[in-house]
Amino acid sequence: MAKVHKDVKKIVLAYSGGLDTSIILKWLKNEYGCEVIAFSADLGQGDELAPIRDKAIATGADKVYIDDLKEEFVRDFVFPMFRANAIYEGHYLLGTSIARPLIAKRQMEIAKIEGADAVSHGATGKGNDQVRFELAYYHFDPAITVVVPWREWKLNSRQALVNYARKNGIPIPVTKKRPWSSDRNLLHISFEGGILEDTWAEPPENMYVLTKAPEKAPNKPQFVEIEFKNGNAVAVDGEKMSPAQLLAHLNYIGGEHGIGRVDLLENRSVGMKSRGVYETPGGTILREAHSAVEQITMDREVMRIRDSLIPEYARQVYAGYWFSPEREMLQTLIDDSQKCVNGVARVKLYKGHCRTVGRKSETNSLFNLDFATFEKDQVFNQADATGFIKINSLRLRIRALMQGKK
């Protein structure tokens, strides 16, 4: 018999259709005895969304929302993050991290529409997503009730979840053939758990979804030209595209060439290390091309200051502070630096590698051949370098003199 929680009459659950949220949906019905609305955000999961509605209803959902948020996801979340060149611990392009604030935003909108008094998610008490979801919830409604089954129930192992699923007739998507969990959106797909918990073991080739093995990628390189306006990609090979269309297109191209695989033992916000394996083909190309256009258009000192902020910006996204005033402050500075980032990058894709081979800007180039050439020029007096070096070396020369006296 369900335990009646008088203060909770309707819950909106962030529902993916995977093992955890399927069990949570049933558990909420069993334990809270209230109405449960399942919400799934279409962020580019592809065929994964097809069975969601029927599965949610079969598991006990009273109502199901499946909202197409792909354009908003890329335009308002991925692109601002890529304008910052954000990367976590030198490898991770934050594909899962940047999706959570949008899911939470829409979840809270649905809660308001439906008059729900609580929201719920499937993140565990060990992970990062619990923080990302809940910080966003409280941003939109400080008084919202958040129901977190992982912090309430006694199902403390994968086997306990499997047993609960079998008892309640819930299909089990994690099998011996695919012993890992995954999370997919238009920016990437991530894998964790299962066999990946052996940090010495190479991920099996059959795990990868978006990318060909680099060894099996085409033997001929492909060149891609990406146009940027105010730091945002707007066209590929001369064809204008919407943000979501552009990223999906780059995902396909990058995947064919084995671009964007990452195997990272990262530091979670809660303090433990965890292994994540990621495929981010389009995002890897996009970041490389964006940096290339910045090279020709961005002032040196502006770039130096912006680059110094990348680790902090990435940490804020990773830790769930997307809606914080500090992230918004950094975004304002970063976006101002992007006003000049207009141009085209030419990127070469070949067997897992993605590198810039050309960049140009018709409107904002700071490259001046008359100054930069190694041939004879009429504009730069090389003797000027003597005074420049003398001034810049003064503190070093004084230090050497003083140490010599000692």
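Trainee: Why is Cys354 called buried?

Mentor: Buried means under 20% relative accessible area, exposed means over 50%, and partly exposed is in between, using a 1.4 Å probe and protein chains only. Cys354 comes in at 17% relative accessibility, so the label is buried. Keep in mind that this is a predicted model, where local features need pLDDT of at least 70, side-chain atom pairs count only at pLDDT 80 or more, and totals for chains, interfaces and linings use all residues. Residues are numbered from 1 along each chain as its sequence is written, and side-chain values use heavy atoms, with hydrogens and water left out.

Trainee: And what makes Cys34 buried or exposed?

Mentor: Buried, because its relative accessibility is 7%.

Trainee: How many disulfides are there?

Mentor: A disulfide is a pair of cysteine sulfur atoms within 2.5 Å. By that rule the count is 0.

Trainee: What about His257, buried or exposed?

Mentor: His257 has 3% relative accessibility, so it counts as buried. You'll find His257 in the loop between helix H7 (243–256) and strand S11 (261–267). Those labels are DSSP runs, numbered from the N terminus: helices are H or I with at least four residues, strands are E with at least two.

Trainee: Which residues does His257 contact?

Mentor: Contact means heavy atoms within 4.5 Å. Leaving aside neighbours within four places in sequence, the partners of His257 include Ala217, Pro218, Gln222, Leu349 and Tyr350.

Trainee: What joins the side chains of His257 and Gln222?

Mentor: A polar contact of 2.9 Å. The term covers a pair of N or O atoms within 3.5 Å; within protein, one must be able to donate a hydrogen and the other to accept it, and residues adjacent in sequence count only if both atoms are side-chain atoms.

Trainee: Which residues does UniProt list under "binding site"?

Mentor: The unreviewed UniProt entry lists Thr124, Asn128 and Asp129. UniProt positions are in the numbering used here, feature names are shortened, and annotations may be inferred rather than shown by experiment.

Trainee: Why does Asn128 count as buried?

Mentor: Its relative accessibility is 7%, so Asn128 gets that label. Asn128 sits in the loop between strand S4 (118–120) and helix H5 (129–140). Not counting residues up to four places away in sequence, Asn128 touches Glu266, Arg268, Ser269, Val270 and Tyr318.

Trainee: And what makes Asp129 buried?

Mentor: A relative accessible area of 17%. Asp129 is in helix H5, and its side chain has a polar contact of 3.0 Å with that of Arg100.

Trainee: How do you know that Lys339 is exposed?

Mentor: Lys339 has a relative accessible area of 55%, so exposed is the word. Lys339 lies in the loop between helix H10 (325–337) and strand S13 (343–350), and a polar contact of 3.0 Å joins its side chain to that of Asp336.

Trainee: Last one: what is the strand order in the open sheet of 5 strands?

Mentor: The order is S3-S2-S1-S4-S5, with parallel pairing. Two strands pair if DSSP finds at least two bridges between them. S1 (residues 10–14) and S2 (residues 35–42) are joined by 5 bridges, so by that definition they pair.
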